[in-house]
Amino acid sequence: MALKLFNTLTRSVQEFTPLNPQSKKVGMYCCGPTVYDFAHIGNWRTFVFADLVRRTLEFSGYTVQHVMNITDVEDKIIKRVRENKTTLREFTGQFETAFLDDLKALGCREPHQKPRATEHIPEIIALIEKLVARGVAYKAADGSVYFSIDKYRGCGCTYGQLLKLNLDEMRTGERVASDEYEKESIADFALWKARVPDDGDVFWPSPFGEGRPGWHIECSAMSIKALGETFDLHLGGEDLKFPHHEDEIAQSKGATGRPFVKHWLHGSHLLVEGKKMSKSLGNYFTLRDLMAKGSTGREVRYLLLTAHYRETFNFTLDGLAGAKSALGRIDECVSKLREASGAPGTAPASSSSEFTAPAKFLADFSAALSDDLNISAAWASVFEWVHETNKRLASSSLSIADAADALAAWDKVDSVLGVGAKADAEVPAEILALAEERTAAKKAKDFKRSDAIRDELKAKGWIIEDTPKGIKLKKI
Ligand code: AMP
Ligand code: ZN
């Protein structure tokens, strides 16, 4: 089934096809973290969403080249470096490491490339030089280089592709130096910021004078370097549509003369009591905050994946408790299936033809994802499968092969959801040895010894059960 996704560029749900539909390869760029602090779970909603998109593409047979930059120089970072009297690399390094640890804890596949802005200064300068040479960027009296929106539009290019911008009210000639600004201030934005005393040691030489790059040009330079002048897919949170992504489009098209990105995807915000979770409002939790309260990365991942990416989602601690119990239902079912599929001493039976749950499960799940990542329908298919499988397990009507098929279906589905299933408790060698000794004692009709071993196992925290398929060890 064709994968359909909303494209912010066309403001419609459309079939996703890469630039070269024959190659089955997708270049995907997701704006990465600004490493000035720990990421909050609002940020994580966007990165988990990017991971879902990547996994869905891979599930659909594409080979994805996933690039996520690390913004390690911009206004907020420089301010904190100054306040903390430290160096740029030392300061950003700690938050980059924490970010990558959290990425793992949340079960996200690691991006194939994680370019740092500070390691792409030559590429950034070269891109700015191209913009100056093409007449769409200029050096201002303050020594900084700005992108000229008028000149860009004068070349027949559209500024305002992702959002409808009221360009008639545009204050022509106005300039904005800071990396973040509001829609009301559509203005020429900084590509290269001339060195000022507040920058401390954070500056690089350039043909325009000493200074540092603006945030927007960093992403244009890194994405073009990693994926080419035109690539398939670009993602980020909805707040990045303007100005960040609009400016990325303008810089890239302005420099190369070619379209920048075929398909734009934006994730909606995570809210707290109706307001965007953000550092500035102070209404945020980091993953570490939630883990300190006893939650796990997979519970947070599950919760972040319960809402459709184009809908805002209110975060609550109750929601997190719900995630834990939902995952518990999946874990229990998968654990029983593992037992049923791996019971020793029984010849594998063939699948019973009337057990259609795995095939239906995969078909429903895949149809839900293809429908613009309809995650509610995808989870509904998971819990319908859990219900059906539990019924079969309870009536002992699953053969070993049925159970193995069901597990294989779950593994496929989980290759997208990435919540895994808790591994069954490993049985220590000492316990296994005792269990074997008990089996031997029973065989020799030494029931006194076999009962004593049963008690010993119990004292060590294990229950042994005799089933028609052999013994079963359960942790108390
Ligand atoms: P930053 O580290 O500030 O550059 O943000 C990293 C990503 O998190 C960007 O894609 C933002 O759009 C996204 N983001 C920030 N706040 C939220 C939020 N409350 N909900 C979802 N995504 C967010
Ligand atoms: Zn970006």
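Helix α1 (residues 41–59) gives the largest share of the lining of the largest cavity, 5 residues. Helices here are DSSP runs of H or I with at least four residues, strands are runs of E with at least two, and both are numbered from the N terminus. This is a predicted model, where local features need pLDDT of at least 70 and side-chain atom pairs count only at pLDDT 80 or more, while totals for chains, interfaces and linings use all residues. Residues are numbered from 1 along each chain as its sequence is written, chains are lettered from A and ligands numbered from 1 in the order in which they are written, and side-chain values use heavy atoms, with hydrogens and water left out.

**Cavities**

- The structure holds 2 cavities of 30 Å³ or more; a cavity is a set of points, on a 1 Å grid over the protein atoms alone, where a 1.4 Å probe fits but cannot get out, and lining residues have an atom within 4 Å of a point.
- The largest cavity comes to about 110 Å³, a volume being the space filled by probe spheres set on grid points joined across faces, edges and corners.
- Its lining has 14 residues, and Arg45, Phe49, Leu304, Ala307 and Tyr309 lie nearest the centre.
- By type, the lining of the largest cavity splits into 9 nonpolar, 4 polar and 1 charged (Ala, Val, Leu, Ile, Met, Phe, Trp, Tyr, Cys and Pro count as nonpolar, Asp, Glu, Lys and Arg as charged, and the others, Gly among them, as polar).
- The second largest cavity has a volume of about 60 Å³, and its lining residues include Cys30, His66, Met68 and Arg109.
- Helix α1 turns up here too, with the largest share of that lining, 3 residues; α1 and β4 each supply at least two.
- The lining of the second largest cavity has 7 nonpolar, 1 polar and 2 charged residues.

**The sheet**

- Four strands make an open, parallel sheet in the order β4-β3-β10-β11; two strands pair if DSSP finds at least two bridges between them.
- β4 (63–68) and β11 (261–267) sit at the edges with a single partner strand each, so one side of each has no neighbour in the sheet.
- From one strand to the next, the twist averages 20 degrees.
- β10 (residues 231–237) pairs with β11 in the parallel sense over 6 bridges, and Leu233 stands opposite His263 in β11.

**Helix on the sheet**

- Helix α6 (residues 215–227) packs on the sheet and touches β3 (25–30), β4 and β10, contact meaning heavy atoms within 4.5 Å.
- The direction of α6 makes about 160 degrees with that of β3; axes are lines fitted to C-alpha atoms, for helices over the stretch in contact, and angles run from 0 to 180 degrees between N-to-C directions.

Terms used
1 Å grid on protein atoms, 1.4 Å probe; cavity = no way out; pocket = protein on both sides within 12 Å on 5 of 7 lines; lining within 4 Å.
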